[in-house]
Amino acid sequence: MKTYLVGGAVRDRLLGIAVKDRDYVVVGATPEEMLHAGYKPVGKDFPVFLHPQTHEEYALARTERKTGRGYHAFAFHTDPGVTLEDDLRRRDLTINAIAEDEHGTLIDPFGGVRDLEAKVLRHVSPAFAEDPVRVLRVARFAARYADRGFRIAEETLALMRGMVADGEVDHLVPERVWAETQKALAEKTPSAFVRALRECGALRVLFAEIDALYGVPQRAEFHPEIDSGVHTEMVVDMAARIAPGDTLVGYCALVHDLGKALTPKDVLPRHVGHEHRGLAPVETVSTRYKVPAEYAALALLVCKLHLLAHTALELRPATVLGLFEQLDAFRRPERVESFLTVCEADKRGRLGQSESAYPQADHLRRAFAAASAIGAKEFVERGLHGPAIGEAMRKARIEAVSAIPR
């Protein structure tokens, strides 16, 4: 019985990244021996155990065999005869197929260290093509390491394209697509996730609404980058920059402009009304992937209202208050900051504008603070009742917003 540290812990240490989770592979043991040693079983499909003291995961070395379509269709095999190399061979990327023994010696049968040094994301074996989730995982790793200069190996991209062509990606379950997408939105460069999916053809299958943005022109005076798809990439990266790890902001940034793909060709490059045309595709994407309710709700609001934020300094006070009311901000005040962050990312996610100011956000923050300070108590004390209280509050809030200097 031998134990090896594997996967992300080895990879991240070699990259100089702080190690968060440690996973181990155990070679030469049976489930009964693990239980006798005090390990607690947690694996459903194959034997995985928690260490009795550290609670870190220890999995028995295993092989797998494809039995059908999709990522659930695998039969797993574990016994003391399965070698470490057998186990590493079933992993997705070479950089994730490096092991380390108890003495710190690396076991690297597939050249993972070489690929780390070359900054390449490369599949371990042709078995990569059996699991469609790996298309998403490679795209997510591209998002994680793009800022370090990593690229996807051409032969791996070719394999991913083949998986799309063979229909493997069609069998991904919504929950897994969302889980990988959400993780990618938490990375430094979410645009690399989108680009990787587009390069292999999976974006068209999984997110046709986003894929449709590419090639759609915008007015150069507002969008020097011209292409609506490129703009979306820039916005998600800006969102990741100004709100690191905030996947609610990231998701809203990803889908905020879907209406531009539906603009009639005879009015391009103008996009009058795209904020309303975008509501249906945003709802479609959110429903398809069962995104959390608040993600779905705020994404619709951002799509509908982001142009109001951009023109905040010119809006009438009553319109500003209406913006807050549509956000349901007086009951959900946390929405204001998320909404304004996406709008700032939209404005700065344009060619040459990454460092530009966005005074609209500060103006709306001050306006919301002033409006929020108006409560019902003073009007109740004046003897108002029922609808009269709401009307008086609204009038006072408009006056409070009016007093905010522009």
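**Figure 1. Overall view of the predicted protein chain.** Of the 406 residues in the protein chain, buried residues make up 50%, in what is a predicted model. The chain contains 20 helices and 11 strands, and its C-alpha trace spans about 80 × 55 × 40 Å along the principal axes. Among contacts with a separation of 6 or more, residues 24 or more positions apart account for 65%. The chain exposes about 18,500 Å², of which carbon and sulfur atoms supply 53%, and the mean positions of its 54 positive and 58 negative charges are 4 Å apart.

Figure 2. The strands follow the order β3-β4-β5-β2-β1-β8-β9, and their pairing is mixed. The edge strands are β3 (40–41) and β9 (106–107), each of which pairs on one side only. Parallel pairing is seen between β2 (residues 23–27) and β5 (residues 57–60), which are linked over 4 bridges, whereas β1 (residues 2–6) and β8 (residues 99–100) run antiparallel and are joined by 2 bridges. Within the latter pair, V6 has A99 of β8 as its bridge partner.

Figure 3. Strand β4 (residues 48–50) runs antiparallel to β5, with 3 bridges joining the two. These two strands form a hairpin with 6 residues between them, and in the turn H55 has a positive phi of about 65°. For context, most residues other than glycine have a negative phi.

**Figure 4. Helix α1 packed on the sheet.** Helix α1 (residues 8–15) packs on the sheet by touching β1, β8 and β9, and its direction makes about 55° with that of β1. Just after α1, G16 takes a positive phi of about 80°.

Figure 5. When its neighbours within four places in sequence are left aside, H363 is in contact with A312, L313, I404, P405 and R406.

Figure 6. L268 and P269 are joined by a cis peptide bond, for which omega is about 10°. P269 is placed in the loop between α12 (247–255) and α13 (274–277). As a general point of comparison, most peptide bonds are trans.

Figure 7. K119, although it is not a glycine, has a positive phi of about 60°, and its place is in the loop between α4 and β10 (120–121). At 36% relative accessibility, K119 counts as partly exposed. D328 is likewise a residue other than glycine with a positive phi, here near 55°, and it is found in the loop between α16 (317–326) and α17 (334–348). With a relative accessible area of 22%, D328 is partly exposed.

Key: Residues are numbered from 1 along each chain as its sequence is written. This is a predicted model: local features need pLDDT of at least 70, side-chain atom pairs count only at pLDDT 80 or more; totals for chains, interfaces and linings use all residues. Side-chain values use heavy atoms; hydrogens and water are left out. Two strands pair if DSSP finds at least two bridges between them. Contact means heavy atoms within 4.5 Å. Axes are lines fitted to C-alpha atoms, for helices over the stretch in contact, and angles run from 0 to 180 degrees between N-to-C directions. Buried means under 20% relative accessible area, exposed over 50%, partly exposed in between (1.4 Å probe, protein chains only). Accessible areas come from the Shrake-Rupley method with a 1.4 Å probe; for residues, only the protein chains shown count as cover. Lys and Arg count as positive and Asp and Glu as negative; His and the chain ends are not counted. The place of a charge is taken as NZ of Lys, CZ of Arg, CG of Asp or CD of Glu.
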